[in-house]
Amino acid sequence: MTHNTLREELKSFYYYKSDDTSHEFFKKCMPEIDKLYKEGMNPYQMKMLQYEVIADMFEPVVFANSPFYHETGTIVGRSDGSRSSRGDFHPGGWTYFKNEHLFIDQDPELWKLRCRQGDEGLYLICGPYNDVGQHYALDNRPILKGGLSSIYEAAKKGLETAKEGDETDFLNAVCSGMLNLKKVAQKFSDKAKEMLETAKTDDEVKYLTMLYETAKRVPWEKPETFYEALCTLAFMRRGLGTLDGVGPNSFGRLDVDLYPFYKNDIENGTLTKEEAYDLITRFLIVWDTHYDHDMKMVGYSDHELENTYVLGGCDLEGKPVYNELTKMFLQATREEKIIYPKIKCRFSKNSPKEYLDEVNKAIISGTSTVLLQNDDGTIPALIKAGRTIEEARDYLTTGCWDVTTQGTEKYDHGSYINILKPFEYAVHKDYEKMEYVGLDLKTFDDAKDFEDLYARAFEDVISVFKERIRVSTLGGQIRDKVEPLPIFSSTMQGCIEKKRDYCNGGMKYYDDFLLCIGFPEVVDSLLAIKTLCFDQKKYTVEEFLEAVRNNWEGHEDMQIEAKHCPGWGDGSEESNTLARRLNDDIHNYLSGMTGTYGGRVHLGHITYTEIRWWGEKTRATPNGRKNGEYISQGLTPSRLKKIPSVTSVVNSFAALDNESMGANSVVNIIMSSNNMTLDICEAFLRACAGTAMQSLQLNCTTKEQLLDAQKHPEKYPDLIVRVCGFSAKFTSLSPDWQKEVLSRNFYE
């Protein structure tokens, strides 16, 4: 069955009309909300006003060849729903835009410091002091179980005992949100009924009828069928962004959550496997056509849509999950060359071979659209982080590689901590920059021995964690005064029961997940100093660091020696021991800290496109790296270390404590496609499962193939690589990004 008609209909809107439609609605809707705004409204009342005006004014976009209803025309195609994605604003952010100044007004000097620290690349926050716009893992399960009406009734009942103020304001806003989502769905039904009068084909009549009959009930009423459950997920994907102004970045565990609907339909004879597969394929195509895959990737996140779902893993009892839906989603993705939604495939040493083979078919054929998440490394880390065993087994990997337990938390995803930056300041004795960002760092030239130098470096590393928590704690406490999120909060455990928005203490967990950038560079730099200055005593620390400060110019032999010292990922005892020590020391220190909102603090190692953007702003480091060169992605070994065997990398991860990284970690590995088989790939994943490796971005290709694709792109229209947190066609990458991929380690 071909789906060209559907693809072309979707492309005609998302490639050519979506942005203009959204921009026009913004210009038309925002003044109307402003006109109805009354001075003194609290943020909950503002959200209710926002909900009502948007729901009244929007015009639904219905695709005649799709049975799903989702497109409100208020958000640009490449946005996940965030109110200001890539500078494209939509009315779902009206309340936030109105109150955003409060973050600055509360303490202008703190804001200036936060901006200086961010501009210098000490840390990244996806918002002023908190992640306020993206990475929202909406829990669809309450809606799948009881529909929006069940949430409405729970909030209405809560009002009977709610206290005046935040409690009643929150619950009233939840009721408003549910009723306005119901109105939005009804408008889709009305639009489909109108379009039926001019339907041209049998397929159009079929899909418009399905849409018309379903949208007037679902998701206000709970879905009863597999199709209705898919409609619920599609509707909430855009509905949350349209009204609440934030982007949901996961559909959830589709082969777990949808399987009861599928099984019931099959047993009742109301759905065939072929019909289910067609629905899955059409569902995936809807999201995959939100942007042009051939568009050149130049900037920070040009090919990022923050749209994901999870397959595989285990159930609440720890038994492997693999069923007909798992296979169908993987097959449809492979056959249709789907890049979005991104698939997060959980695996373990106990994963069925058939499941791993189904996952690996696309990877070994050069279409790497899967993030592999190791249950054996992740579940113990989540339990150590304070999650119950059931919550840990039921975890999601969302966004790029963010691990979260379902319906219990919304932490600051993308909260990067650049431990290489204070290390750089100390190496280069940049006292001016230290003062500029408010850090008092130890320098290294007069270190008595390696233990003295390590202690100084560790204190510098910890200083940026402490400063990040200090600044976000001081500045982030007023987020509920800026913009609550009643619709999002209503699906999260605890919020309706506590009668509080997630921004105001409603959820179960409020931990900080802080993600290291630069760990491999710091480890390798410390090893180079230890080896050349203290073990071999070839240079004094001051001599060696002076060469680094000169960007190695005139010291090329010394630079080569630094590159040939032991380093992270080479599997050596020296590098494994130091990496384990530094990771454990950071983890242990963070475990004793109190987070931004009174919760715990957890460690991770993840890097997005900062591997280029922050690398370009980082001066030479003692591991042999020169000014502006790339930095490593998460725990990926430095590309300066030409490690020939992937076994060395696996052995290095086996040396780390798999319970120490509750905030997740990522490694990027390129294995040769020459002679690669499903059996070899399966064996490799099972070997990885026995280590502390968590998120694995696996590419199967060769440098020769990529170089040929540069010269002859027409020969490789479907060569897809994992870039960093997302996949893209290699031929769509700019020359600079192609160069970055080609500079990585290629393992035999």
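The paragraphs below lead through a predicted model, from its open sheet to its cavities and pockets.

In this predicted model, local features need pLDDT of at least 70 and side-chain atom pairs count only at pLDDT 80 or more, whereas totals for chains, interfaces and linings use all residues. Residues are numbered from 1 along each chain as its sequence is written, and side-chain values use heavy atoms, with hydrogens and water left out.

Six strands form an open sheet of mixed pairing in the order 4-5-6-13-12-16, where strands (E, at least two residues) and helices (H or I, at least four) are DSSP runs numbered from the N terminus, and two strands pair if DSSP finds at least two bridges between them. Its edges are strand 4 (308-312) and strand 16 (746-747), each of which pairs on one side only.

Strand 13 (residues 695-700) pairs with strand 12 (residues 666-671) in the parallel sense over six bridges, and with strand 6 in the antiparallel sense over two bridges.

In helix 14 (residues 324-336) lies Thr333, which counts as buried because its relative accessibility is 5%. Leaving aside neighbours within four places in sequence, Thr333 is in contact (heavy atoms within 4.5 Å) with Leu284, Tyr309, Ile338, Ile343 and Thr369.

On a 1 Å grid over the protein atoms alone, a cavity is a set of points where a 1.4 Å probe fits but cannot get out, a pocket is an open set with protein on both sides within 12 Å along at least five of seven lines, and lining residues have an atom within 4 Å of a point. There are eight cavities of 30 Å³ or more, and the largest cavity has a volume of about 120 Å³. Its lining consists of 13 residues, of which Thr636, Pro637, Asn668, Arg744 and Asn745 lie nearest the centre, and strand 12 gives the most to this lining, with three residues.

The largest pocket has a volume of about 760 Å³ and is lined by 36 residues, with Ser84, Ile125, Cys126, Gly127 and Gln134 nearest its centre. Strand 1 (84-85), helix 4 (94-99) and helix 5 (101-105) are the elements that give two or more residues to the lining of the largest pocket.

The second largest pocket holds about 400 Å³ of space, and among its 21 lining residues Lys206, Met210, Leu271, Glu275 and Leu279 lie nearest the centre. Helix 9 (202-215), helix 10 (226-244), helix 13 (273-288) and helix 14 each give two or more residues to the lining of the second largest pocket, and helix 13 gives the most, with six.

How values were computed: Buried means under 20% relative accessible area, exposed over 50%, partly exposed in between (1.4 Å probe, protein chains only). Grid points are joined across faces, edges and corners, and a volume is the space filled by probe spheres set on the points.
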